[in-house]
Amino acid sequence: MANDGKTFDLIVIGGGPGGYVAAIRASQLGMTAACVEAEKLGGVCLNIGCIPTKSLLTSALLVNEVKKAEQHGISTGEVSVKLGPAQERSRRVAAQMNKGVGFLFKKNKVSHIQGWGRLAGDGKVEVETEDGTETYSAKHIIVATGSRPRSLPFLEVDGEKIWSSDDALFQEDAPETLAIVGAGAIGMEFADIFEAYGSDVTILEALDRVLPVEDHEISAQMEKAYKKRGMTIHTGARLEKAEPGDDGVTLTFKDKDGEEQTLTVDRVLSAVGRVPNTGDVGLDAAGVELTEKGDFVQVDEWMRTNVDGVYAVGDCAGGALLAHKASHEGIACVEKIAGEAHGPVDYGNIPNCTYCHPEVASVGLTEEQAKEAGHDIQVGKFPWVGNGRAVAHGDAEGFIKVIRDKKYSEILGAHIIGPHATELIAEFVVGRHLETTAEEMEKAIHPHPTLSEAVAEAALASLGRAIHI
Ligand code: NAD
């Protein structure tokens, strides 16, 4: 279709990792594509999510390494740390990645329409800009509008004393005392950052463990590691109210024994989940159905909504709120539109990564889930202390756990806590994608000495014959 600047084969609303990747893939497949974005290209992930937090976590890790410098023969004197420069660095990192998406759009001839997009029915998208509203049309429209932090009525984010994750990213100083409500990925990552920069951190989690989506043993090891760093953790804690005052914020909660406790801290970070941006994008007017629970866009396996030619990918379509899941949905959706589908997204093989220290990563079933699903399993655990590279690195806390189905030796789940967990998990992801067995994971020769050897040893452990334990 000729591109008159107003008519496209595909318009994507939202320029995050779901939307911008879909637009690029569409262009590769010969479609004319545009991406409407009100803020910055790259969305939450690149600008106020995954990327700047990884920059800050890199800084936090370095802070903790510097504290151990003496054992490497490096004398630093007393180490003093300031969050401000690390925060500024994180902005430069985000800006560089954001520019990169602009470059990719130019290279792939994707039109970037700056403004707030809304479905207007009949293949039309209205874009509100400072100069007024323009209407565009497309045969196919993908809604990829993402999500935003959830604010609870008894913990209302004010951006000053009670922060959302967006606010936490822009702090120049670490408060003396910080309470974090919610021990999911966001809560645990910011706990790592602020503790490294000097905050006295208390974590309140409603469920009975930190990182509740992970395997029980991973949660237990994580809690131990954070407590060793001096953090206070209350699991099974039900927050009842948060009262900002002159001295900070007073939190009232019921602890796991049902006792009422109060805690006064300088600042509170609310990290209690995210909600989809499905309110003001014209879904209602276009007749697009939302899920009964949570107001996500209702989609099928090819990301199609109930309205012909309208699709949704990423956080706004529900499921795991993860950038890599969003990108894969965008690609699967566009390839299906182009008649070049390679299969829908494999939701059973999406890795989970938390980039705190120690790092946590997993794919597939937890031990509990595998048992519940009726598998006859064998579980192997390989501790990092058995791996020379980890010990040399000075980072040998934690383990790799592999859950194997005894019938065909399929790897049902893999769980890593420890050095470079978020990189190493990819080995299990590829293995599972290729339907490998635990035996094959081990037979593939891993170089020595590397952290990756522990992956092979954990596979061996699930066969009951690890060498180095
Ligand atoms: P989450 O849903 O993963 O965790 C929120 C936690 O808050 C839960 O454990 C919940 O039990 C707890 N909680 C809820 N209400 C509470 C209350 N009143 N008192 C105490 N605890 C309470 O959400 P998140 O950590 O905010 O992250 C949001 C989404 O973004 C998640 O889907 C997450 O996977 C994704 N994310 C991923 C990464 C990553 O992959 N590294 C990083 C950031 C965010």
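In which helix is Glu223 found? I located Glu223 in helix H7, residues 216-228. Helices here are DSSP runs of H or I with at least four residues, strands are runs of E with at least two, and both are numbered from the N terminus.

Before going further, I noted that this is a predicted model, in which local features need pLDDT of at least 70, side-chain atom pairs count only at pLDDT 80 or more, and totals for chains, interfaces and linings use all residues. Residues are numbered from 1 along each chain as its sequence is written, and side-chain values use heavy atoms, with hydrogens and water left out.

**Entry: Glu223**

I looked up the accessibility of Glu223; because its relative accessibility is 16%, Glu223 counts as buried. Buried means under 20% relative accessible area, exposed means over 50%, and partly exposed lies in between (1.4 Å probe, protein chains only). I then found a polar contact of 2.8 Å between the side chains of Glu223 and Lys227. A polar contact is a pair of N or O atoms within 3.5 Å; within protein, one must be able to donate a hydrogen and the other to accept it, and residues adjacent in sequence count only if both atoms are side-chain atoms. Not counting residues up to four places away in sequence, Glu223 touches Val210, Ile233 and Thr235, where contact means heavy atoms within 4.5 Å.

**Entry: Gly42**

I placed Gly42 in the loop between strand E2 (33-37) and helix H2 (43-48). Is Gly42 buried or exposed? Gly42 has a relative accessible area of 0% and is therefore buried. Leaving aside neighbours within four places in sequence, I listed Gly15, Gly16, Pro17, Tyr20, Asn47 and Val101 as its contacts. I also checked Gly42 against Leu61, 19 residues apart along the chain, and their C-alpha atoms are separated by 25 Å.

**Entry: helix H14**

I turned to helix H14 (residues 453-461), which is mostly covered, with nine of its nine residues buried. Which elements cover the buried residues of H14? The cover includes strand E20 (377-383), strand E21 (399-405), helix H12 (421-433) and helix H13 (438-443).

**Entry: cis peptide bonds and positive phi**

I kept in mind that most residues other than glycine have a negative phi, and most peptide bonds are trans. The peptide bond from His448 to Pro449 is cis, with omega near -5°, and Pro449 has its place in the loop between H13 and H14. A cis bond also runs from His357 to Pro358, with omega near 0°; Pro358 sits in the loop between strand E18 (352-354) and strand E19 (360-364).

Next I examined phi. Asp122 is not a glycine, yet has a positive phi of about 55°. I found Asp122 in the loop between strand E4 (116-121) and strand E5 (124-129), and its relative accessibility of 77% means that Asp122 counts as exposed. Leu211, likewise a residue other than glycine, has a positive phi near 40°. Leu211 lies in the loop between strand E10 (200-205) and H7, and is buried, with a relative accessible area of 3%.
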